[in-house]
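Subject: Structure handover

Dear colleague,

Here is the structure I said I would pass on. My notes on it follow below.

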Amino acid sequence: RWLRLLAARGVQELVLVNRPWPREVRLPKTLFTISTLTRLYIGVWKFPDAAGLQDASFPHLRELGIFSVSVEDGDIDAVVTRSPALEILNIQGSMKGVRLRLVSNSLRCVQIRSFAMESIDVVNAPRLECLLVSECLDPAGGSCTRIKIGHVPKLKLLGYLEPGKFVLEIQDTVIMVIHIQPPNDLSTLLEFAKIAVQCAIILSEFGPFQAGIKTNASMMVTSVKTLSLRVRFGVYDDVKMVPAFLKCFPNVEALHITSEKCDQLTGKFDLEFWEEVGPIVSVFLRLKVITFCEYRAKQDELAFLQYIF
């Protein structure tokens, strides 16, 4: 009843938090019909079923925050689709791995923090300028979160990419590390060839595939000016992906690195490794600002800084 009263009075800003727990209490369907809202933050709820979102309409909503809300695949997508003026989307706190698919002509900033995501697919967001993904939880099964970047011609700020936790996909190109033992028969070699067709970057543990990372125009997001990475410099998969990520964003002017603590080292990377990587356009020509947080004076960190400078 009180939500109907707020709707009748034309409420524009609303913070709706369910207290106390649990968060299995469903959001009132009436909320999704308050068409006057411009700013909405919801916390500790459960989204209504798909039928409850059919009448959702937020024609004036510019900012949406979703905190510790139980959602299913498609729930957030549906609200974004029904919010043609939405510019800011904040998502934080969920233990269930979901797939997020964003199509919006109005979104300018998306922030996702401490959220279990199987995939984040930015299909079409022509006005998106900022995409921040931080402290994503491991989805079910412990697999990496896939971040797919589609049509984002105005994207300028991207972070905080974690090479060991994220699989980056640009258009239809997958950037990833694959551990493959040397093929000793024709069938295995053919299988490897199939994988190579699907993935533009293959970093293996043997032979000529170790050296060099090639990129082409379809793998690059040229609009990004600021890039943030969180790297475990003693972990094989993390460090091997750093040059790949850098080459995908050739116009980066500000690079922010956070050195994450690693409990178990899986490799050592000295200056020779980085010299074999070769020159990266964004590093040697366009980089103007670099910050390095949580520096521990480890050899792997020092080698990376020597390469940069």
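How many aromatic pairs does the count come to? The count comes to nine aromatic pairs. Please keep in mind that this is a predicted model.

Aromatic side chains

One of the pairs is formed by Phe32 and Phe58, and its geometry is tilted, with 6.1 Å centre to centre and 50 degrees between the planes. Phe32 sits in the loop between strand 1 (13–17) and strand 2 (39–43), while Phe58 sits in the loop between strand 2 and strand 3 (63–67), so the pair ties together parts that are 26 residues apart in sequence. Phe32 and Phe58 are both buried.

Another pair is that of Trp274 and Phe304, which is edge-to-face: the centres are 5.1 Å apart and the angle between the planes is 65 degrees. This pair also links distant parts of the chain, since Trp274 is in helix 5 and Phe304 in helix 7 (residues 299–308), 30 residues apart. Trp274 and Phe304 are both buried. They belong to one aromatic cluster, formed by Phe233, Phe273, Trp274, Phe292, Tyr295, Phe304 and Tyr307.

Salt bridges

The count of salt bridges comes to ten. Lys148 and Asp172 form one of them, with the closest N and O atoms 3.8 Å apart. Lys148 counts as partly exposed because its relative accessibility is 23%, whereas Asp172, at 64%, counts as exposed. Lys148 and Asp172 are also part of a network of salt bridges that links them with Arg146 and Glu169.

Glu162 and Lys165 meet through their side chains in a salt bridge, at 3.5 Å from N to O. Here Glu162 counts as buried, because its relative accessibility is 7%; Lys165 counts as partly exposed at 34%.

Asp238 and Arg232 form a salt bridge as well, and their closest N and O atoms are 3.0 Å apart. With a relative accessibility of 2%, Asp238 counts as buried. Arg232, at 28%, counts as partly exposed.

Charged surface patches

Asp270, Glu272, Glu275 and Glu276 form a negative surface patch. Of these, Glu275 is found in helix 5 (residues 271–277). Why does Glu275 count as exposed? Its relative accessibility is 54%, and the cut-off for exposed is over 50%.

There is also a positive surface patch, made up of Arg127, Lys154, Lys156, Lys225, Arg286 and Lys288. Lys156 is in the loop between strand 7 (145–151) and strand 8 (157–161). With a relative accessibility of 46%, Lys156 counts as partly exposed.

Backbone points to look at

The peptide bond from Gly159 to Tyr160 is cis, and its omega is near -15 degrees. Tyr160 has its place in strand 8.

Which residues have a positive phi without being glycine? Glu294 is one, with a phi of about 60 degrees, and Ala297 is another, with phi near 60 degrees. Glu294 lies in the loop between strand 14 (289–293) and helix 7. Ala297 is placed in the loop between strand 14 and helix 7 too. Glu294 is exposed, at a relative accessible area of 52%. Ala297 counts as exposed at 56% relative accessibility.

One more position

Ser94 lies in strand 4 (residues 88–103). Is Ser94 buried or exposed? Ser94 counts as buried, because its relative accessibility is 4%. Between the C-alpha atoms of Ser94 and Arg113 the separation is 9.2 Å, and these residues are 19 apart along the chain.

Best regards

Terms used: Residues are numbered from 1 along each chain as its sequence is written. This is a predicted model: local features need pLDDT of at least 70, side-chain atom pairs count only at pLDDT 80 or more; totals for chains, interfaces and linings use all residues. Side-chain values use heavy atoms; hydrogens and water are left out. Patches are made of residues with over 30% relative accessible area and no salt bridge: like charges are joined within 9 Å, nonpolar side chains (Val, Leu, Ile, Met, Phe, Trp, Tyr) within 5 Å. Accessible areas come from the Shrake-Rupley method with a 1.4 Å probe; for residues, only the protein chains shown count as cover. A salt bridge is a side-chain nitrogen of Lys or Arg within 4 Å of a carboxyl oxygen of Asp or Glu. Lys and Arg count as positive and Asp and Glu as negative; His and the chain ends are not counted. The place of a charge is taken as NZ of Lys, CZ of Arg, CG of Asp or CD of Glu. Helices (H or I, at least four residues) and strands (E, at least two) are DSSP runs, numbered from the N terminus. Buried means under 20% relative accessible area, exposed over 50%, partly exposed in between (1.4 Å probe, protein chains only). Rings of Phe, Tyr and Trp (its six-membered ring) pair if their centres lie within 6.5 Å; planes under 30 degrees apart count as stacked, over 60 as edge-to-face and the rest as tilted.
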